Amino acid sequence: MTVAVDDRELAEAMRQEREELEKTWARPRGLWGWFTDTDHKAIAKRYIFTAFVFFLLGGIEAALMRIQLAFPENHFLNPDRYNQIFTVHGTTMMFLFAVPIMTAFGIYFVPLMIGARDVAFPRLNVYGYFVYLIGGLLLYAAFFLNTGPDAGWFAYVPLSGPAYSPGKRVDIWAQMITFTEISALVGAVIVIGTAFKMRAPGMSINRIPLFVWAQVVTAFMIIFAMPAVMLASSFLASDRLIDTHFFNPAEGGDAILYQHLFWFFGHPEVYIIFIPALGFISPIIVTFARRKIFGYVPLVLSLISTGFIGFGLWVHHMFATPIPQMGQSFFTAASMMIAIPSGVQIFCWIATLWGSRLDIKTPLLFVLGFFAIFVLGGLTGLMLASVPLDLQIHDTFFVVAHLHYVLIGGSVFPLFGAFYYWFPKWTGRMLSERAGHLNFWLMFVGFNLVFFPMHQLGLNGMPRRVYTYLPETGWGTLNLIASIGAFILAAGVLVFIVNAIWALRAGVVAGDNPWGADSLEWSVASPPPNYNFHNLPVVQGRYPIWEATADAPVLRGLSTKTRETLVTSVMDAQPELRFDIPGPSIWPFMVALATGVTFIAGIFTPWAFLVGAILAGITLTCWFFADPNYENKAARDTGEKSHKVAPRAELQPKEI
Amino acid sequence: MSKTTRTIPRLILTLVLALCFASCFSSCGGIQNAINPAGPNAANISRLWWLMFIICSIVFVLVMIAVLLSLSKRTTEAADRVPVLEPSEESERRRRNVVVSATTITVIVLFVFLIASYSSGRSLGLNDPTKNGLSIEVTGHQWWWEVRYQDVDASNIFTTANEIHIPVGVPVMFSLRGADVIHSFWVPNLAGKKDLIPGKINTMWIQADKPGVYRGQCAEYCGFQHAKMALWVVAEPQEQFNLWRQNQTQQAVAAASDVQKRGQQIFFSTTCVMCHAINGTPAGSNIGPNLTHVASRHMLAAATLVNTREHMAQWIKDPQTFKPGNRMPQNNLSDADLQALVEYLQSLK
Amino acid sequence: MCEIASRNLSTTRRYRAPFCLCVFLCLFVPSCKREQRQFSTPPANFKSYDVTMSDLRPGVGGLPQPVQNPADQHAFDANEGKRLFTQYNCSGCHFNGGGGIGPPLMDAKWIYGERPENIYSTIVEGRPNGMPSFRQKIPDSQVQQLVAYVRSMSGQLRKDVAPTRNDSMNARRSEQRTERKTPLQTTEPPQ
Amino acid sequence: MSTRAVIDISKLPSHEFDTYDPVWWGNNLLLAIETSMFAILIATYFYLRQNFALWPPPVAQLTATLDPLPQLTYGTLNTLLLVLSCGPMILTDMAARRDNRGVCQIGLVICVLCGLGAIVLRGFEFSAVYFRWDSNAYGSIVWFMLGMHMLHLLVLTTESVLLTIWIFTREFDMKHRVDIVTVGVYWYWVTAMWLLLYVIIYFVPRLG
């Protein structure tokens, strides 16, 4: 049924509501605010900023390595320093850059794309960020104090064990793992909770944006993969600190056990980094092809199946250890099978581009770059999946080339596309297109110059993780080419930074929806208001903006006086609850601090965990008793009559 | 700008293709090269490589062409002014057919790869060489290779380091073990790699079809000198090998000249004797490489220095400048002593 | 524009907290000494000729100034000492610290003094009743590493420097977990 | 004049039990994480077992032949206690749904006591394992399993204590009734996990 509403009265009431919302969702300011703010957009921006800083640091380390390897017998770095650098590089890129920045995009856009006011657990979100920050700072503080881990980013025992890695270097690594994976797990819980329970009415499971699907699949992979590395790293830490024997062959331990544990996490990790990037590609393609995606269902299914198969192929990192013939065949098959869902997605995207009138802006350009690089990386992946061939190219520069093709091609290029695509939404300003194209071409050419020759180097017998090589090996030329490429790639990143800084100050002001895109985040102002949506949207199709009709039903009755958002059912998004979202609080930060103290002190004495448990207990108690609903109750009682506009039209949710 | 955009896919294509071809042309020759096989194992694998390389290149080119063609229609008007495209039913059906067939082709290709890889994997396992006598035990140390030639006759068992001689055309059994951390035994021209893991024994067989020198290198990161932990495999005709082996089983030659005697005396009175063994003398420590026939080796310091007097002298005096972090300490001997020591060691043919 | 300005403001704020944390973390500065990996021979700051056979001297004169063993500060050196202890077969007599032919090294009793220079001279000069002299056989740098390790066996080193268990049968608690025993001088000859 | 259909949600509740409430989802997702953790831990247990001829390894004692099998007493007591403690928890759970504050208070107090009891018993269980964590891989993994589960006992008990304090001191509002039900889920999960670990730690060695 419908109701008549006078326009002027409506406008007036709207203005009042907006003021109330502004007041209710106001963010704490200043340094205090930095520690207490729970706004998902603010936290996501911090995540992205921090992760990007780590990306730059990791890049600098890469540059140092390329300088060292540019010439045979180069004395730029000594092995000790070099080993620390490549370990910290890998660790940074995997744990401090790739995973967090992908989670960050989820934290920023999942609520906006599904029409929620905030994530499901905002305070947990704050906690996650600070734990991550502490982990990162720990690693780099240690690194600058010559205590950087030096056993490789997967820290194989026995080399990383007590007997062969004296000092605290590897312990730092193990604890850093603990921190980052706590934050990743927390992020995963938040994303799933939000995407399952807070979707706008009408956004039934078959209307969820592909971006959100990708984030959900990733979150589930994190939930099932991360515990393995948590165990691996804590086994390692306890072997080193309190003489347990998990990895000591003489006492019944096993070095291969570590590799199983690590890669059971480590391989899904690759997809944890890569699947969110697939989530960036779909919306970019849809927007610039100006048509609905081809094969929504196949795309979703391939995402999910990738998530499942991703757990079935960790052993292909261990073929040389070796593995029995039977096992080999199974894991070869699994490793090749995963090419099918990836293939399906590529084909669907090409089919979407096919025959539509394209406006090739920078985001789309990066997606095209993704096609070229990622497809090549995927094909070399097939080679690595084959046991005999793997025995030759495993642990060589061929693998280095492959993994950078897959991760940079599969994740970083889409990521930069995403930067260009969503920058207007974050800041309200456009990045320069011309600089964007320059950025892309520098990165694309530079990237291929660095990494393509490495395939060749690997076949020519250059093992990975060597701090230098003899002139007689004849690897000099290709290495020099790679090193030159590295600096072109770096120049590309530099262009991006300049572009971003310039755009922040003087970029063209973007409207709400500069690309004419289809998903809900573009229906609000850029940057979005603290409460995201004035009226929570009601979704009428898979492409909410494109398919919105003039007489779309409006949602009324949420209190504007308290931080209320709508909770809907998992499958068909029927309104269920008016859920109170907790507001700003210092306690998540305090708990993060307690966690940090515990694990950092735990490097030196096991007693730290006793003290830490007490600290955490105290802070958590405060977190629990500083309950938002308590303060909110009073407000809500008066809040009921805040809807002048909405005459109580008893329209059942199911009717939409 | 639209001009750049039109050229994108072509550029992508040309660039990557150029690099592909560069790769397959420049990938022949080299004494440490996976696709320059000198034995059945490596040959088998490199056949598999070429099969996969060619098929993958074709797939890659096809996908790139598809992308290129999909970019044919282009607009420059502001995106939000272009109406959202509503593709017709049958155009969608055409797309569906294309995608389905492409996927089917993918599956078929994957099966080809699976079968190819499985069959060559099988043949690697075949040809059980145990009936042939020669079996070599390789132990990985930080950062050198201990090589022990097994034999039914105990008097023929001998130990050397960083240089393996094998007869041409005969499969040789290797048993691999790690002394401290995980290393990986890899001689690309002859076979794929296999790890040396503490507390485990891995076995593999290697056969060289043409005589020659093949360089191998540790392929699993193992610490400071992972980069310079190399070894030589010298494949030679059977009789030549027998001679070499005959010599290796002998005790070290006694010091003849006075200088050599002085050198030997220095060897025993300084740090050398703590770590190195010379069969036929009291020196019996196995911490470092066995030096009984050190002069007969082509290389020093895990195949990183050519075995000349100068190198040996420099190496003994200050190993840490050549290989920082390796386990051999610096020795400040007087030049005379050093020369005498080198004289003695070089006499150990 | 003003809203940009405010963002810049918040950006500067954003830096503040990480900065504070950095400062906090820089309290670990001593760690850099602990982590040093010294490859080329360090200037040995004590040599065999300036150490006495033992501290046991009648009241004439005070005790000599104790000498710092550089290896005592470096986890890497202590660990190298542990490796050399096994590889040079010190266990042959001392049975990884438990003592047998030679006196035990993990207890509080010191026949010839527990200070670095004492142990140094014990290794270099040798001692009566069986301890051979390793003069010139073991370079000074390695002797220092051995000294550091021997002292760690009775918990004389910092906990975060002393080695932890190695990948063999665990004969005893690792050096890192042995509590410090206050050394006591004894003249009792080894059995 | 513009006309729009209106969905009025002002009548909706702000908390509901089970799958309605995001808290329930958050809690169960965390449990999913911990479940996979325990699964991998158990896998590790069996992986390490392959390296031993005898599990647990025999004790090299010249004097007497000691039985290295973990003693059943405390473990069994603990199992019984945890299983029984589910009774009051279920009552509390139902009472919370029925908005019956009194029963909730009594039930929670009993549960807290059971939790504390379980923690104490766990302390003895460590001594019931013949080997220490630093004796061999067997000791390491068993201590680790016991420890991980003990961690959950601690968290669980703390959580229940907090809830108890709340419903005694503050009002018995919907949110905290939902919390009680959620803690119930956690409680059952911890018990279930323990039953699994109990069988593995105490009977796998006996079955050989």
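**Two helices in chain D**

Author: Happy to! Let's start in chain D, where helix α1(D) (residues 22–49) and helix α5(D) (residues 174–207) have axes that come within 10 Å and cross at roughly 10 degrees. This is a predicted model, by the way.

Reader: Nice. Which residues of α1(D) meet α5(D)?

Author: From α1(D) there are V23(D), W24(D), N27(D), N28(D), L31(D), F38(D), I42(D) and Y45(D). In α5(D) they meet V178(D), D179(D), T182(D), V185(D), Y186(D), W189(D), M193(D) and I200(D). By class, the contact has 12 nonpolar, 3 polar and 1 charged residues.

Reader: Where in chain D is confidence lowest, and where is it highest?

Author: Strand β1(D), residues 2–4, is lowest with a mean of 60, while α1(D) is highest at 93. Chain D averages a pLDDT of 88, and 94% of the residues score at least 70.

Reader: And what does the model score for ipTM and pTM?

Author: The ipTM is 0.88 and the pTM is 0.91.

Reader: Let's hop to chain A. What is its mean pLDDT?

Author: Chain A has a mean pLDDT of 88, and 95% of its residues reach 70 or more. Watch residues 637–656 of chain A, though, where the pLDDT is below 50. That stretch has 44 contacts in the model beyond near neighbours in sequence.

Reader: Good to know. How many residues of chain A are in contact with chain B?

Author: 83 residues of chain A are in contact with 84 residues of chain B. Several elements of chain A give two or more residues to that side, among them α4(A) (79–114), α8(A) (255–289), α12(A) (362–385) and α15(A) (433–459).

Reader: Which element gives the most?

Author: That is α11(A), with 10 residues. By class, the side of chain A that touches chain B has 49 nonpolar, 27 polar and 7 charged residues.

Reader: I keep clicking on L313(A). Where does it lie?

Author: L313(A) lies in the loop between α9(A) (296–309) and α10(A).

Reader: Is L313(A) buried or exposed, and why?

Author: L313(A) is buried, because it has 23 other C-beta atoms within 10 Å, and the cut-off for buried is 20 or more. Not counting residues up to four places away in sequence, L313(A) touches H267(A), F331(A), A334(A), S335(A) and I338(A). L313(A) and H267(A) are 46 residues apart in sequence, with 7.2 Å from C-alpha to C-alpha.

Reader: What about F220(A): where does that one lie?

Author: F220(A) lies in helix α7(A), residues 210–242. F220(A) counts as partly exposed because it has 19 C-beta neighbours inside 10 Å, and buried takes 20 or more.

Reader: And which residues does F220(A) touch?

Author: I192(A) and G307(A), leaving out residues up to four places away in sequence. The C-alpha atoms of F220(A) and I304(A) are separated by 9.8 Å, although the two residues are 84 apart along the chain.

Reader: On to strands! What do β3(A) and β4(A) form?

Author: A hairpin, with 6 residues between the two strands. In the turn, A573(A) has a positive phi of about 55 degrees. The strands β3(A) (564–568) and β4(A) (575–580) run antiparallel and are joined by 5 bridges, and E564(A) stands opposite D580(A). β3(A) is mostly covered, with 5 of its 5 residues buried.

Reader: In what order do the strands of the open sheet in chain B come?

Author: The order is β4-β10-β9, three strands with mixed pairing. The edge strands are β4(B) (163–167) and β9(B) (212–217), each pairing on one side only. From one strand to the next, the twist averages 25 degrees.

Reader: Which helix packs on that sheet?

Author: Helix α4(B), residues 238–249, which touches β4(B) and β10(B). The direction of α4(B) makes about 140 degrees with that of β4(B).

Reader: Last one: how many helices and strands are in chain C?

Author: Chain C has 6 helices and 2 strands, in the pattern α-α-α-α-β-α-α-β along the sequence. Of its 191 residues, 37% are buried.

Notes: Residues numbered from 1 in each chain as written. Chains lettered and ligands numbered in written order. Predicted model: local features only at pLDDT ≥ 70, side-chain atom pairs only at ≥ 80, totals over all residues. Pairing = 2+ DSSP bridges. Helix = DSSP H or I, 4+ residues; strand = E, 2+ residues; numbered from the N terminus. Axes fitted to C-alpha atoms, helices over the stretch in contact; angles between N-to-C directions. Contact = placed C-beta atoms within 7 Å. pLDDT = per-residue confidence, 0-100. Nonpolar A, V, L, I, M, F, W, Y, C, P; charged D, E, K, R; others polar. Buried ≥ 20, exposed ≤ 12 C-beta atoms within 10 Å, placed from the backbone.
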